[in-house]
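Visitor: Could you walk me through this model? I'd like quick answers.

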Amino acid sequence: MVLATPGRPGALRRAYDAQALGFVNKDATPQRLLEGIRNVAAGKRYVDDSLAHDLLRAADMPLTARELSVLSLAAKGATVSEIAGRLHLSHGTIRNYMSAITRKTGARNRVDAIRISQGAGWV
């Protein structure tokens, strides 16, 4: 079960990739939260109406959960070395992720990839 904010498909994508079954808006009523919990406890998937559109957008997102992690840190101004240290990866691996992110987003460079991803609500 995940409590999520509408307009953040990147967070929904990470939760979906982690095999979350329930997605409830953080501002949902207690009744809606209980409904979600009961559905998930019964082994059913539950998606709050206010998150359905964002969850569909998340399905179209070309980036993996790891690429989103790298891009999120880059968007906060972290250098390749800082990202590598935080994620316990090599500098070369981070550069490879950034290249894949740039290619998948159709960006010209790292800054453009961040701009595109923020505009799409992924980061």
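Guide: Start with methionine 98. Methionine 98 touches Val70, Leu71, Ala74 and Arg110, leaving aside residues up to four places away in sequence. Contact means heavy atoms within 4.5 Å. The model is predicted: local features need pLDDT of at least 70, side-chain atom pairs count only at pLDDT 80 or more, and totals for chains, interfaces and linings use all residues. Residues are numbered from 1 along each chain as its sequence is written, and side-chain values use heavy atoms, with hydrogens and water left out.

Visitor: What is the mean pLDDT of the protein chain?

Guide: It is 90, and 100% of the residues reach 70 or more. pLDDT is the predictor's confidence in each residue, from 0 to 100.

Visitor: Which element has the lowest mean pLDDT?

Guide: Helix H3 (residues 49–59), at 82. Helix H5 (residues 80–87) has the highest, 96. Helices (H or I, at least four residues) and strands (E, at least two) are DSSP runs, numbered from the N terminus.

Visitor: How many helices and strands are there?

Guide: The protein chain has seven helices and three strands. From the N terminus, the order is β-α-β-α-β-α-α-α-α-α.

Visitor: Back to packing. At what angle do H4 and H6 pack?

Guide: About 95°, with the axes 10 Å apart. Axes are lines fitted to C-alpha atoms, for helices over the stretch in contact, and angles run from 0 to 180 degrees between N-to-C directions. H4 and H6 are therefore roughly perpendicular. That label covers 65 to 115 degrees; under 35 is roughly parallel, over 145 roughly antiparallel, and the rest oblique.

Visitor: Which residues make the contact?

Guide: From H4, Arg66, Glu67, Val70, Leu71 and Ala74. From H6, Ile94, Tyr97, Met98, Ala100, Ile101 and Lys104.

Visitor: And the largest nonpolar core, how many residues?

Guide: It has 26 residues. Those with the most contacts inside it are Phe23, Leu63, Val70, Ile83, Ile94, Met98 and Ile101. H4 gives the most to this core, five residues. Such a core is a set of buried Ala, Val, Leu, Ile, Met, Phe, Trp, Tyr and Cys residues joined through side-chain atoms within 4.5 Å.

Visitor: New topic. Is asparagine 25 buried or exposed?

Guide: Asparagine 25 is buried, at 10% relative accessible area. Buried means under 20%, exposed over 50%, partly exposed in between (1.4 Å probe, protein chains only). Asparagine 25 sits in strand S2 (residues 22–25).

Visitor: What does asparagine 25 touch?

Guide: Leu3, Ala4, Pro6, Asp48, Ser50 and Leu51, not counting residues up to four places away in sequence.
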